[in-house]
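Thanks for coming, everyone. I have one structure to walk through, so let me put it on the screen.

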Protein chains: 2
Amino acid sequence: MATVSRVLSGSHSVNPELAARVEVTARRLGYRTNRVARALRRQATQTIGMVVPDLTNPFFPAVVQAVEGALREVSFSLLLCDAGNDVAVEAELVRNLFDHQVDGLLISVCDRIASRQAARLAASRLPLIQIDRRALGRMSYVGVDQAHAIGQILDHLAQQGCRSFAYITPHPAISTASERLEAFLSRARALDPDAGSRIYAGDFSFDWGHEAALRILRARPLPDAIVCANDLNAVGAMQALREHHVQVPRDVAVTGFDDTLLAVASGPQLTTIRQPVQELASEAVTALRAAIGDPSLPPRSTELQAGLVVRESSLRAGGDRVRPHRGPDGAQ
Amino acid sequence: MATVSRVLSGSHSVNPELAARVEVTARRLGYRTNRVARALRRQATQTIGMVVPDLTNPFFPAVVQAVEGALREVSFSLLLCDAGNDVAVEAELVRNLFDHQVDGLLISVCDRIASRQAARLAASRLPLIQIDRRALGRMSYVGVDQAHAIGQILDHLAQQGCRSFAYITPHPAISTASERLEAFLSRARALDPDAGSRIYAGDFSFDWGHEAALRILRARPLPDAIVCANDLNAVGAMQALREHHVQVPRDVAVTGFDDTLLAVASGPQLTTIRQPVQELASEAVTALRAAIGDPSLPPRSTELQAGLVVRESSLRAGGDRVRPHRGPDGAQ
DNA sequence: TCTCGGTCAGAAAACGTTTGCTGAGACGGC
DNA sequence: GCCGTCTCAGCAAACGTTTTCTGACCGAGA
C-alpha cells in the first residue's frame, strides 16, 4: 500500500521495475487515488475558493474563466461562489469555504468597508488574495492602476476636444469605483471646474447608467463627454441617449471601463479600458500559491496597467483622428 | 466524541441538556466540523461539479449563478469548470471532478457527438444531469423546447410581414443549435421555400454573427429577416449591418436567442427568446439531488418553455403594432 | 426481587490515503 | 570477515469524522 502510494504520488524513489509494475496494475484496475482521503491525510485539498460579487457583471465571468484556467495548470480546482452583492451572504460564503478546507481564497469583495470583517476573519485562517476589488489595505491584492486608466481616458477625451464632463459611477463603497472616482475628480477638475458637480453615483448596472443619463439629459446643457465607471453603465447611458435622439459621439462622447463584450456589441462601439484579465488571474494564482506554500510570507500587492481601447463612442468631429480599434481580446 | 458528532450533525437524539452543553462548548471553542473528514467517512462531499462549454458566452454565467444559488439553498457547493469549447479538456475535467468525489455532475456538453464518450463515462459512475446542451438522449436532461421557441420567433416575424429569412447559427454539433436549426428549417420553409439556402453555420460568437452578416450582404437581395441562434450572433450581425448602413429593423429585421444583457445593450434593442434560467437551474438541481438520493432512478428529462421578448429589432413598419418590451430579468 | 425492554452515552472500527519508522538486504571499507 | 551505511519495501499510525455495537442505567411488569 505504501509503495503504491509512493509510486502514484511520485514522492519517494521506488525501484523503477516495481514502480512500473504498480503503474500498469493501477491502470488495469482503473484505480484513481481518492482525493478526499488524500486531503484528509495531507491537510490540503488542492482546491481554492473564489468569491465574486456578481456573475451578472460580465467582467467577473472573464476573471473566473481566467482564474480557473490558471488553477488548472497547476492542478488546483475552483470552488466558486457568487455573493450577489450582499455582504452578509459574502461572509457566509467565506465561512463555508473555510469549512470546505480550501487551501486558499480569492476574493473580490462587495464593499470596501462592510466586507472588512469577513475578509479579516478569512485572512486570519487562510491564505487570501484580494482580486480587483479590495477591503483590506494591508492584505495581498492584485488589481489594476485605476488612476492611470482613468487618466488615459481623460487625456484621450481632452485630445478629442472635450472640455466638460459628467461621471457615472456606482456608489464608492466599491473600491474600484472609489479609486476611479478619485482619479476622475483629480484629473477632470483641471479641465472642467464643474466636473465635481456632475457625479452620478448609483451602482454598476445597465439600469443605473440608463437612469443617470436621463438625469444628465434633464440637467442640460449636455457635457462634452460622459465618462462611465464601467461598460454596463456606459451602454445603459447610451441606450438612454439613443431613446432621446442624442447622438453619440456627435452630441456627446461616452466612455466605459472593462472592455467586455458589451463594448463591441453596442452601437456605436464603446471606447473603454481593457483590463488585463489573464495577467490579473495568473498573478493572483501565483501570489496565492506562494502564500499557500509559505503562510508566513508578507502580503504582496500588484498593480497592473490597463490600456485604452479607442472605438467610435469618443471620436468627435473636432478631435485628432485616431483609428478605431476592434476587440475585445482580439475577438475582432 | 460520538456524542458531539451526533449533536452537531443532528442525526440521533441526544439528551437535550447534554446537547445544549455540547453546542455551547463548540461555539466557545469555535469548533467547526471538518468537511473533508466527514466526506471521507460518509462517502459524500456535498459538492457537485459543473462543466460549462464557455463562460464567455453570457448565457452560461447566468446559468452558473442560478445553479450556485439553488445549490446553496440545499447546502451543496459548486466546483466549476470551463471546458473552453474543447472536447478533450471537457473529458479531462470530468475525470478530475470524478476524482474530487463530487456527489453529482451537471454538464452542458461541448459537442452533441464528440462529447458522448466523456458523458457516458461520467454517467456510468456518477449521477449526471445534462443541462441546456446534451449529448446522451437516454440520460437525464433539463433544457428548453427549442422548436417552440423558434416557432414563436417565426410567427412573430411573419406577423411583422417578413416573408424571406436567413439564419445564422453555430455548427449544429451543438445540440441546441441543431434543434433550433431543425425547427427553423421546418417552420421557415412554409413561408419561404428558399430559406434552406440561406443557412450560415459557424459558431456561437459575436464574430461569426458579424462575418455571416457580411456574407448575407454580399448575397443581396437582403432577406426580410435574419434569425440568429443566439444573442451573440445577432449583435455581431447587427454590428456588420450598421457598418454597412443597413438599418435594423427598417431594412431587415434581426432576432436573437437567450435574452442576455446584450439584447438590451445593443442598438436597436434585440427581439429574442428569454430562457427560463432560474427554472432551468432549480429543475436541474432537483433532478440531480433526486438522482444522488437514489441512483437507481430512471433518467428524467424536462423541457421548459421559453418566451418571446419583443423589442425594436423586429418591429417593421408594415407589421402589426406590438409594444416593445424591456428586460432581461426585469433589469428594467 | 428479578428480569426484560428501552434509552442513550461511549468505545472502537471504519473511510482511503500518506509517511515516520523498522528492518531486510546489498555493498563497501577496514 | 565484520561492521557500518545506504536503499528501499512494508508496517502501522495517523488525518477527523460517523456509526455500529456494547453496555450502563432506569423503569415497569411479573
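**DNA, dimer, core, strand**

Start with the DNA. Around DNA strand C there are 23 residues, and the closest are A:Ala2, A:Ser5, A:Asn34, A:Ala37 and B:Asn15. Near, here, is a C-beta atom, placed from the backbone, within 6 Å of the molecule or strand.

Ground rules before I go on. This is a predicted model: local features need pLDDT of at least 70, side-chain atom pairs count only at pLDDT 80 or more, and totals for chains, interfaces and linings use all residues. Residues are numbered from 1 along each chain as its sequence is written, and chains are lettered from A and ligands numbered from 1 in the order in which they are written.

Which elements supply the surface near DNA strand C? H1 and H3 of chain A, and H1 and H3 of chain B, each give at least two residues. Nonpolar covers Ala, Val, Leu, Ile, Met, Phe, Trp, Tyr, Cys and Pro; charged covers Asp, Glu, Lys and Arg; the others, Gly among them, are polar.

Now DNA strand D. It has 23 residues around it, with A:Ala2, A:Asn15, B:Ala2, B:Ser5 and B:Asn34 coming nearest. Helix H1 (2-9) and helix H3 (35-42) of chain A give two or more residues each, as do helix H1 (2-9) and helix H3 (35-42) of chain B.

Next, the two chains. A rotation of 180 degrees, with 0.0 Å of shift along its axis, puts chain B on chain A at RMSD 0.1 Å. That is the relation of a two-fold axis. Contact is two C-beta atoms, placed from the backbone, within 7 Å.

How many residues does each chain bring? Chain B gives 38 residues and chain A gives 38 residues. On the chain B side, S2(B) has the largest share, 6 residues. That side divides into 19 nonpolar, 12 polar and 7 charged.

Inside, then. The largest nonpolar core has 102 residues, and among those touching the most other members are A:Ile226, A:Ala237 and A:Val254. A core joins buried Ala, Val, Leu, Ile, Met, Phe, Trp, Tyr and Cys residues through C-beta atoms within 7 Å. Buried is 20 or more other C-beta atoms within 10 Å of a residue's own, exposed is 12 or fewer, partly exposed is in between, with C-beta atoms placed from the backbone. A second, separate core of 100 residues includes A:Leu55 and B:Ala284.

Last, strand S6 (residues 165-170) of chain B. Of its 6 residues, 6 are buried. B:Phe165, B:Tyr167 and B:Thr169 point one way; B:Ala166, B:Ile168 and B:Pro170 point the other. In a regular strand, side chains alternate between the two faces of the sheet.

What does S6(B) pair with? Strand S8 (residues 225-228) of chain B runs parallel to it over 4 bridges, with B:Ile168 partnered by B:Cys228. Strand S7 (residues 199-202) of chain B is also parallel, over 4 bridges, and B:Pro170 stands opposite B:Gly202. Pairing needs at least two DSSP bridges.

Technical notes: Copies are superposed by least squares on the C-alpha atoms of residues with pLDDT of at least 70 in both.
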